[in-house]
Amino acid sequence: MQTINSAFQYCDQLVRDFEKVIEKPIVGKSSVYYTGIDLGTAYIVLAVLDENYQPVAGAYRFANVVKDGMIVDYIGAIRIVKELKQELEEKLGTELIYAAAALPPGTFTLDSGAIKHVVQGAGFEITNLLDEPTAANAVLKIKDGAIVDIGGGTTGIAILKDGEVIYVADEPTGGTHFSLVIAGAYKMNFDEAELYKRDVKNHRELAHVVKPVIEKVSSIINHHVSDYSVEGIYLVGGTCCLEGIEDIIAKQTHLPTYKPQNPMFVTPLGIALSCTQEIL
Ligand code: ATP
């Protein structure tokens, strides 16, 4: 099975550059900086790009401010985004003004106001608010296929035709469920299981424990793609960091399944690429 195709060359390079600047920010003389803010169930990620939309800095923090795609701790979300903004501003020696954010598919009418207020409350001017699969596709640049985003709380599915999102769904199975299954199997508490799961050294050993959850995610994918002629599945989201997840999904869905090198940063980078200087 093919795991990396040419569609991922740009994506993989961008993610590699981003991983480098998280460790060592590029302090330069950009005339403007664009920030992407990804408020997730498990992580809040900030990605900063320069005037040429190249990564210059990034930061992320494990947080419990979002559940099933909805902000449940509004004050906590503002505080963390503000802290990450300050941290990055100190590293870059500049003020970060413009930001974009994203929402899981289907939560726009309910939660877009809250996300906008979090971004503004943290001191940014908000310039774009888009749905997560559209953000991910700013990096993946897929014309036809399904983007499957397995995050912390949910699995999002977006079907694309001629580069446009034509169908979206979001189902409440994600990385949290993987951690719960590991906690049960290993008699660990949730936080221990979460850390154990994220350590790639444990992935091979965990394969048989998490296989049923991957099969459950695969059945969710099958259910949603069955009415469409989907040619391939493109995986994003932190849970797709699990070694071999793409092989099980490919087997269960009978569809070629592609995974970028680090699926966790695709959506945050896509959000940053969608940031402009035009305030909403
Ligand atoms: P959601 O999209 O559901 O709102 P989120 O945006 O926080 O959540 P991501 O940041 O894409 O989601 O992914 C977070 C999930 O990825 C967590 O469950 C985390 O445990 C998992 N994860 C992160 N790194 C790894 C890893 N190396 N191996 C396995 N799982 C990982």
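1. By class, 6 nonpolar, 3 polar and 3 charged residues line the second largest pocket. Here Ala, Val, Leu, Ile, Met, Phe, Trp, Tyr, Cys and Pro count as nonpolar, Asp, Glu, Lys and Arg as charged, and the others, Gly among them, as polar. A pocket is an open set of points on a 1 Å grid over the protein atoms alone, where a 1.4 Å probe fits, with protein on both sides within 12 Å along at least five of seven lines; lining residues have an atom within 4 Å of a point.

2. The model is predicted: local features need pLDDT of at least 70 and side-chain atom pairs pLDDT 80 or more, while totals for chains, interfaces and linings use all residues. Residues are numbered from 1 along each chain as its sequence is written, and side-chain values use heavy atoms, without hydrogens and water.

3. Helix H7 (203-225) gives the largest share of this lining, 7 residues. Helix H8 (245-253) also supplies at least two. Helices are DSSP runs (H or I, at least four residues), numbered from the N terminus. Among the lining residues are His203, Arg204, Glu243 and Ile248.

4. An automatic or database assignment gives the domain bounds: domain 1 covers 8-136 + 265-273, and domain 2 covers 142-264. The contact (heavy atoms within 4.5 Å) takes 21 residues from domain 1 and 22 residues from domain 2. The C-alpha centres of the two domains lie 22 Å apart.

5. A salt bridge is a side-chain nitrogen of Lys or Arg within 4 Å of a carboxyl oxygen of Asp or Glu. The whole structure has 11 salt bridges, with 0 between domain 1 and domain 2. Arg198 and Glu194 form one (2.9 Å, N to O); both lie in helix H6 (residues 190-198), 4 residues apart.
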